[in-house]
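Please consult the sequence and structure alongside the numbered points.

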Amino acid sequence: MPSDRTQRAPIGLKIAAAAGLLFLHLPILIIFVYAFTTEEKSYVWPPPGFTTQWFAVTWNRPDVWEALTLSVQVAAISTVIALILGTLCAAAISGTSFFGRETISLLVILPIALPGIITGIALRSAFSLAEIPFSFWTIVLGHATFCVVVVYNNAVARFRRTSGSMIEASMDLGADAFQTFRHVILPNIGTALVAGGMLAFALSFDEVIVTTFTAGQQQTLPIWMLEELVRPRQRPVTNVVAMVVVIVTFLPILAAYYLTRDGDQIAGSGK
Amino acid sequence: MTPAVSFTKVSRHFGSVRAVDAVDLDIVEGEFFAMLGPSGSGKTTCLRLIAGFEQPTSGRIEIFGENAVGVPPYRRNVNTVFQDYALFPHLNVADNVAYGLMVKGVGREERSRAADEALALVKLPGYGARKPGQLSGGQRQRVALARALVNKPRVLLLDEPLGALDLKLREQMQEELKSLQKQLGITFVFVTHDQGEALSMADRVAVFNDGRIMQIGSPQEIYRRPATRFVADFVGSSNILPPDFMQRYAGQRRWGSLRPEHIRILAQTAGDGVPARVAALNYLGAGTRVSLDAEGLRLHAVVDSGGALPSPGDDVVLTFNRDHVHVMDEPA
Amino acid sequence: MSALAADTRHAPAILAGRGGVFGAMSDWVWRHPTMFLVLMLTPPVLWLGIIYIGSLFALLLQSFFAIDEFSGLINRDFTLKTYGELFLPQNVDIVVRTVLMAALVTVASAIVAFPIAYYAARYAKGKWKAAFYLGVMLPLWSSYLVKVYAWKLILAKEGILNWIFAKLHLTFVLDAWLALPIVGGNSLSVSYTGTFLVFLYVWMPFMILPMQAALERVPGNLIEASADLGAAPRQTFRNVILPLAMPGVIAGSIFTFSLTMGDYIIPQIIGTSRLFIGQAVYAHQGTAGNIPLAAAFTVVPIVVMGFYLWFAKRQGAFDAL
């Protein structure tokens, strides 16, 4: 809604917008304060004192490291699968117009449009029907399914910008399908794929609802956090982990934003 | 001599739409050939058939005598200047121009020398380091031209290349394209919907309508002796004379055409001729265009602005020399 | 230039191509575009169509089974008995509670999100616009569990919210609120108010971006025209801005509504012991082992969302996504 006249926002609107943004950010900042508290038995505010000792304690906790390692592995493999499936889908959808393209888009979006619990329980009951035991791969299966959509969304927007005539121009100039892919398509969709991959990683790294249904005994970092939320045992360690998770998820989001901000659609607007 | 491009009964159907319908066409080596027609007439599809982006539903396409059906675009020694230029945004101008040589495996030094040469040819020397986004529309067009020419194609295809340029630039580019074609001797095939552009630039023109070629000929032929009503209507400002009119005033029951400058307007008292009433006058400079209602037809005549002009509402008679009436091929 | 003109006449019109495996594959791709398309679509369609849609169908199928009351085993005969159980009073309660909460969260999200979206769309320029965007994106993408955890810290009895009320000598207001029926409770962290606040916090960012997208499509001169015609700001808001922002509100509400309805973690951690649909599903499939009833429960949000999407589509909300 750009206006030619330079107008000032009414003061009421300014206050309401600022209050809304504060509402979004203050709780996250509070996490940062709690990570340094000396109190270990309760959530008392204000913190009676500040210390950095919990970072060392957390660093030496093998269960945290195990959960973190599992989460990173799951997110990495899910991201690779999502990148392949999402890119294929986006390429097929944008390259041609065929009767089923609406259905395909719906199919890709469905795992994230339906509440996570439905995806979770559906996968779980399918695993039990097919007598597949829970494992690392059942977690990956679930994560990759809902990560496809973020890669797809990013790639489809960029494919649309890579006009069909550019591909034709490449072939016209003597490049075959592989050369065209390497020299024209890949450089043009590359940053969108990196952005999509980062968002997929962030999405998988943070996922808990589907994971509770597909994980069995293994603990990803969010599952570890969930345990702590339901039955708090080491509050200071949880505080530190929470803060680290916030920082770790901010990085790929910021990177994805800077990679795609010049484009027609900025990554992440469709989580 | 083998034609540069030869179509034999070529059709391209999209479902029930006959984009190109049984077209026969020979383009002579070294000529500047224009495909002229309204949008949807099949001219662009014909160009894409030559480039290899489309495959014919039926018929035979030869390029310099070699079968081109089933040959992918990247194996045709034919290059295209696209309507939207289709420059690669991630490459600079030099790399855009050298793209064709790069995928053919030509070494870096030779590539850059050829790119410089091609850029000089299109009057953009020293622009190699820029990105396409930093160029004006006219400059992009020149880069697209250089990118195609650097491959030394046997046939150069141009898809409405001047459509996006403003009038002055367009006129300048028309001249440059024409002289470039003479200089290089490459066969140019040029698609346009602008009849002025086609007539002024081409050695020969094919007029398309509804997926078929209505007429092929030199600009003079197309202009003076349109084969069908469509051509007369689309290409020129000729008066189209229906068979009844022709029978009464020209002695044969056929469709005919008559150029406006060949109609003379006389006072009603002057005697024999076609009775008409003046509807409007348009001053065109040296001449004045007179719109006339005669026998239920709207006719146009161009008369010398210096002479005596009728006024709207005047009843007049029209005369013309029967030799100036062109009889069209179209059945009555 | 002379080099360009030379030797073109003897070049072949049809080139040989680069040959080899890649050349042959490339030619094949070019000759069979439809086959290539099918080949590209096969992996994603197999994955999503078989693994995902297959699982959904398996789930749907299970909802037509019933659990044997004596043995506790699943009886694989087709029956509508499980769906009948959905209409037991305690289960109807769960559905009504969840849908009401989702609706309330959606309305509140729209109200809180609107000033942010409106300011970002109409007044924020350049760097500020980017700052607003990231200011919405970062909370949206930051960890769900961390956000819930933050609210556990905030709402705790010894936490910051109670501390603020105490410092302002307003504890009596909070106590009065907690004494109210339904919305109240022993403390904020075990009341519906607490659940509502956390839902609002976690899902509200999903409302802002579609709303902003819709508002950005409202031409600024339309608002000025309305003002020039003598409309008071309130009238302009009601008659011009709100109707034009509506598709964005509906698009955003799809997220807030769906996500609230399917959540089972927030009400488990913050709130009363009364169940929401997500918790019921989780409980029935888990300890109770009653997968058919859990499956039937999941059909409820699907059906509700189906109606909601149908309504949203009629309002043109999808253009704003």
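1. Two strands are said to pair if DSSP finds at least two bridges between them. Strands (E, at least two residues) and helices (H or I, at least four) are DSSP runs, numbered from the N terminus. In strand E18 of chain B, B:Val327 is the bridge partner of B:Gly256. Strand E12 (residues 256-258) of chain B and E18(B) run antiparallel and are joined by two bridges.

2. This is a predicted model, in which local features need pLDDT of at least 70 and side-chain atom pairs count only at pLDDT 80 or more, while totals for chains, interfaces and linings use all residues. Residues are numbered from 1 along each chain as its sequence is written, and chains are lettered from A and ligands numbered from 1 in the order in which they are written.

3. An automatic or database domain assignment gives the domain bounds. Chain B is divided into domain 1 (5-234) and domain 2 (237-327), and the C-alpha centres of these two domains of chain B lie 39 Å apart. Their contact (C-beta atoms, placed from the backbone, within 7 Å) takes six residues from domain 1 and five from domain 2 of chain B. On the domain 1 side, helix H8 (residues 229-235) of chain B gives the largest share, three residues. That side has two nonpolar, no polar and four charged residues, where Ala, Val, Leu, Ile, Met, Phe, Trp, Tyr, Cys and Pro count as nonpolar, Asp, Glu, Lys and Arg as charged, and the others, Gly among them, as polar.

4. The contact between chains B and C takes 21 residues from chain B and 14 residues from chain C. Helices H3 (108-121) and H5 (167-184) of chain B each supply at least two residues of the chain B side, and H3(B) provides its largest share, four residues. By class, the chain B side has eleven nonpolar, four polar and six charged residues.

5. Within chain C, the axes of helix H5 (residues 89-122) and helix H11 (residues 205-216) come within 8 Å and cross at roughly 45 degrees. Axes are lines fitted to C-alpha atoms, for helices over the stretch in contact, and angles run from 0 to 180 degrees between N-to-C directions. H5(C) and H11(C) are therefore oblique to each other: angles under 35 degrees count as roughly parallel, over 145 as roughly antiparallel, 65 to 115 as roughly perpendicular and the rest as oblique.

Note on methods
Two residues are in contact if their C-beta atoms, placed from the backbone, lie within 7 Å.
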